[in-house]
Amino acid sequence: MSLLHCSNDDFIRTTEDRHKQAVEHLWKVLEDSGQIYLGAYEGWYSIRDEAFYQQSELVDGKAPTGAEVTWVTEESYFFRLSQWTEKLIDLYQKHPEMLGPKGRTNEIMAMLTQPGGLKDLSISRTAFSWGIPVPGNPKHVVYVWLDALVNYISALGYPDTDQSRFQKFWPADIHIVGKDILRFHAIYWPAFLMAANLPLPKKIFAHGWWTKDGEKMSKSLGNVVEPCALVHKYGVDYVRYFLVSEIPFGQDGDFAHDLLAIKINADLANSYGNLVMRALVLINKFCDGKVPAPETPLTEEDQQLLALAKSKTLSTLKSQLVELNMKALTETILAISREGNRYIIHYAPWELAKTDPARMKTVLYVLSEALRLTTIYMQPIIPSSAKRIFDDFGVPEAYQTFASIEDTIPPGLTVNPNLAPMFPRVELAAAPTAKAVQPPKKEKKVKAPKQKITDETQ
């Protein structure tokens, strides 16, 4: 995680005592409320999926995931899942926003409304001994999904629901899970929680899979993309940006090195980084290396760029973040730099330096503020690059946070005089294949008349 510049509040194993105590407590709560009974199970079981499947769910004799299944007959404890069919249907009819992305609600509703409804769920096994023993009957071990799902609350101190961590973090704002395990999270988990009178997570979002050159990644095909190798090759921020921006989150996406190069070059090198470098070079050249104060009234174009960078973008980002539409979110942020590049071409501050120095300072101030806001929005995606941009502009930490969006960049900040390319271009390994997505339209690079400033800002 540290390689990708990610962090976590806790890391819990299902073998830890705190987790075992939570599972045992939940079992007793469900048992005491009449939700668990002892019976016998006969059916198809997938060891790989750690899941039971009905005959109607099998595809060509295998699990829907393609995993092998075996017929199992054994004594088992059951959870009365069938009693929760209507409650789950009602839940998702009233709150379709609980499942994402759009379309996942229909997938789960199809499972809930199948003829006969949900079947009671086998929640113990006797064929193996690894796992948490069933309280009061240690020859049984707790079914892996009842065990594993409790991790979400055992990490927060359950069964002590009054402690601060549980109160702060539960119910979870969102569970992000693989699309192949959605039913465990969207059917079993809510049923367990409702049966135990515990709050439900506010949203469950199923992410897709990355493929390679149109094929599912697998060791046998030799097409697995190793994340650590990607980071070492391209740098962590390039990898983070590509993974977030390339496909709509929740859908499957195809990875190709050339697609990464095209995306990085178009968005970061040509657009955002190009504008950052031009603003810094111009401030160094014409403003003694300090962010200037505006010396003329703001024009309508000035106000439009600032409004785009502030209220308009922030409002859009909030709705996109709620929907986890990360691809659209990055496009919204990039729209500021695209508009900033048009703005700098229109006003040509290198020419204003000769004809109207006061107006030039206003233009460069507006650009600096637009870039400060853009970098705040970019910071969660490319944190290392954002820090470098803030440092190059001399922006104090107090003006680098979302809490400072309503503020404005203080004039007089000293910018870095020793600039290096912000986002070096990534070389294409080969021409993109026909099935690759079309590269984003490249913007026209900003070039000053006579080429003097242009040459210095490339």
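**Terms and their grounds**

Modeller: Let us begin with Asn223, which has a relative accessibility of 11% and therefore counts as buried, the cut-off being under 20%. The model is a predicted one.

Biologist: Where is Asn223 found, and which residues is Asn223 in contact with?

Modeller: Asn223 belongs to the loop between β12 and α8. Neighbours within four places in sequence aside, Asn223 contacts Lys212, Glu215, Lys216, Met217 and Ser218.

Biologist: What makes β12 and β13 edge strands?

Modeller: The open sheet has three strands in the order β12-β11-β13, and its pairing is mixed. β12 (215-216) and β13 (253-255) each have a single partner strand, so one side of each is left without a neighbour in the sheet. Strand β11 (residues 210-212) pairs with β13 in the parallel sense over three bridges, where pairing requires at least two. Thr211 stands opposite Asp254 in β13.

Biologist: How do you know that β4 and β10 pair, and in which sense do they run?

Modeller: Two bridges join β4 to strand β10 (residues 204-207), and the two run parallel; at least two bridges are needed for a pair. Within β10, Ile204 is the bridge partner of Leu99. The open sheet here has the order β4-β10-β9, with parallel pairing. β4 (99-100) and β9 (175-178) stand at its edges with a single partner strand each, so one side of each has no neighbour in the sheet.

Biologist: How many aromatic pairs does a search of the whole structure find, and why is the pair of Phe242 and Phe255 called edge-to-face?

Modeller: The search finds 18 aromatic pairs. For Phe242 and Phe255, the ring centres are 5.7 Å apart and the planes stand at 85°; the limits are within 6.5 Å for a pair and over 60 degrees for edge-to-face. The pair is therefore edge-to-face. Phe242 lies in helix α9 (residues 236-245) and Phe255 in strand β13, so the pair ties together parts that are 13 residues apart in sequence. Phe242 counts as buried at 0% relative accessibility, and Phe255 is buried with a relative accessible area of 3%. Elsewhere, ring pairs link Tyr37, Tyr41 and Phe78 into a cluster.

Biologist: Which charged residues lie over the faces of Trp84 and Tyr347?

Modeller: Lys87 lies over the face of Trp84, at 5.0 Å from the ring centre. Arg359 lies over the face of Tyr347, at 4.5 Å from the ring centre. The distance limit is within 6 Å.

Biologist: How do you know that the length of helix α14 agrees with its number of residues?

Modeller: At 1.5 Å a residue, the 22 residues of α14 (residues 357-378) should span 32 Å, and the end C-alpha atoms are 31 Å apart, which agrees. The helix is mostly covered, with 19 of its 22 residues buried.

Biologist: What makes up the largest nonpolar core, and which element gives the most to this core?

Modeller: The largest nonpolar core has 67 residues, and those with the most contacts inside it are Leu268, Tyr272, Tyr377, Phe393 and Phe423. Among the elements that give two or more residues to this core are α9, α10 (257-286) and α14; α10 gives the most, with 14 residues. Another core, of 65 residues, lies apart from it and includes Phe78, Leu81, Phe192 and Leu198.

Technical notes
Residues numbered from 1 in each chain as written. Predicted model: local features only at pLDDT ≥ 70, side-chain atom pairs only at ≥ 80, totals over all residues. Heavy atoms only, no water. Helix = DSSP H or I, 4+ residues; strand = E, 2+ residues; numbered from the N terminus. Expected span 1.5 Å × (residues − 1). Buried < 20%, exposed > 50% of the residue type's maximum accessible area, 1.4 Å probe, protein only. Phe/Tyr/Trp six-rings, centres within 6.5 Å; stacked < 30°, edge-to-face > 60°. Lys NZ or Arg CZ within 6 Å of the ring centre and 35° of its normal. Core = buried A, V, L, I, M, F, W, Y, C linked by side-chain atoms within 4.5 Å. Contact = heavy atoms within 4.5 Å.
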